[in-house]
Amino acid sequence: MRYMRTYKRAGITLNQVGCVVIAPLGLLYFFVRSPVIFPFGIYAALLPFDNVLGLGTVGTLTRYFGIATVVAFLANRLILGQGRVFKPPSVIWGWLTFLLLASLSSLWALSPESTFRGLFTLIGLFLIYLCAGIYPVEKREVEVLKSLIVLGGCLAAACTLFLYAQRVTYGESIRASLVFGEARKADPNQLATSLVLPLVLSLEWIARPNSLPKKWSFVSTVVILLAILLTGSRGGVLSAAIAMLIFLWRMHKRLSKRSVIAAGLVITTIVAVLALGFLPQNLLERFNLNVVLSSEGAGRFSIWKIGVISFLNKPLLGYGYENFPYAYDLFYSQVPVSYDPGIHRPAHNIYLQIFVETGIIGGFLLLAVFWQHWRLARRLSRKDPASAAVEAILIGVLAAGLTLGNLYWKYFWLAFSLILVVANAERRANADKTFGNTAKGGRCYGIR
């Protein structure tokens, strides 16, 4: 009673005290009990907002959710899983070998400092990917994770549309993006590509029976599609188109032709109406082939030409990871180009970038990593039509890499992590069928 009188004098109710105590305990429970949902699901949902969630000089909010994700996965396995995890799938070793080669390239890099900075980011993203590869996730958790990704994509797309309606655009252009002040603005190209993940997962809701109400699936698909188009990102639109076509092609063998044809017609109608009725003429001109050729892809053709010359002059080991701009500068004044892109430019192509930075060995190693993940995603989509989305997302993100430098972006690694999450959900289901309650208790995962 004495404590209750003290609370009353301070103006604090027992309900407020309960919220202060119970809420953190509830978050801590989910943190340890289901890290795929919290914090990994929140991390995945926030990725389209990555550039505008800066915390000054200490990084971004998603960075700390990423760190929390690694801690949560480890805490779950140590506390609830008794230290037992799934055996890492073989595809993980490809990325690990690539990281080792990128680290060794610092020995001959033009700028070792740039290599170390790039490796710091890459290793952090790999740790999240590794945790997703060894954690025994349940299928219901995978569905919640997908829902959170779609929710985050819808919120980002809706914010983009709202800002565009208020005539808030990226820089001095007519392109839509997330712009929260002068210091917080998202690159329209990267924003558009990050929205490919929720777009395909939203499309999956339309194609699958017994999913969310169809009208909400259509709404989310339309909102995300419109946001991608308004960014004016040619690479993002190409990535979205390829991902949707791959998904529909994979699904047409599992679903009725009527459903697939209906989904295809709806998407085609949406794109046509949005492009012809809502997009400004100046924005539409960005997709004109003559405009692309006259600007040489915003200078990309010249950058690639200089990059190829750089590679041919040092093809075996390259110039060091994250050193493409320095290699580019070496030959900038020696290669005649019709469009001057300026000095110290990024590659705008992850394939050319890696071949220049790590040579033939690193380039083909990276291609082998992509091939291995595609084969795994393809096997999953053959077994379960719901897994066709992760294959389509992977291909779409890799297609965007032809014109963007997205190798160290969080959504790029999320596409690979989703494949491992879906694969582990299948392994978990098989373990539960074979071992029953023993598997559910987490005591058998070390032998699977």
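**Close-up views of a predicted model**

**View 1. Cysteine C131 in the predicted model.** C131 is buried, with a relative accessible area of 7%. That value counts as buried because the cut-off is under 20%. The model shown here is predicted.

**View 2. Cysteine C159.** C159 is partly exposed. Its relative accessible area is 29%.

**View 3. Serine S310 in helix α15.** Helix α15 covers residues 300–313, and S310 lies in this helix. Is S310 buried or exposed? S310 is buried, with a relative accessible area of 0%.

View 4. Which backbone oxygen does the S310 side chain reach at 2.9 Å? That oxygen belongs to I306. The S310 side chain also reaches the backbone oxygen of A327, at 3.4 Å.

**View 5. Contacts around S310.** Residues up to four places away in sequence are not counted here. S310 then touches Y319, A327, Y328, F331 and V356. D329 is 19 residues from S310 along the chain. The C-alpha atoms of S310 and D329 are separated by 9.3 Å.

**View 6. Arginine R250 in helix α11.** R250 lies in helix α11, which spans residues 234–251. The R250 side chain makes a polar contact with the side chain of E391, at 3.0 Å. Which residues does R250 contact, leaving aside neighbours within four places in sequence? They are W374, R378, A388 and E391.

Notes
Residues numbered from 1 in each chain as written. Predicted model: local features only at pLDDT ≥ 70, side-chain atom pairs only at ≥ 80, totals over all residues. Heavy atoms only, no water. Helix = DSSP H or I, 4+ residues; strand = E, 2+ residues; numbered from the N terminus. Buried < 20%, exposed > 50% of the residue type's maximum accessible area, 1.4 Å probe, protein only. Contact = heavy atoms within 4.5 Å. Polar contact = N/O pair within 3.5 Å; in protein donor to acceptor, adjacent residues only side chain to side chain.
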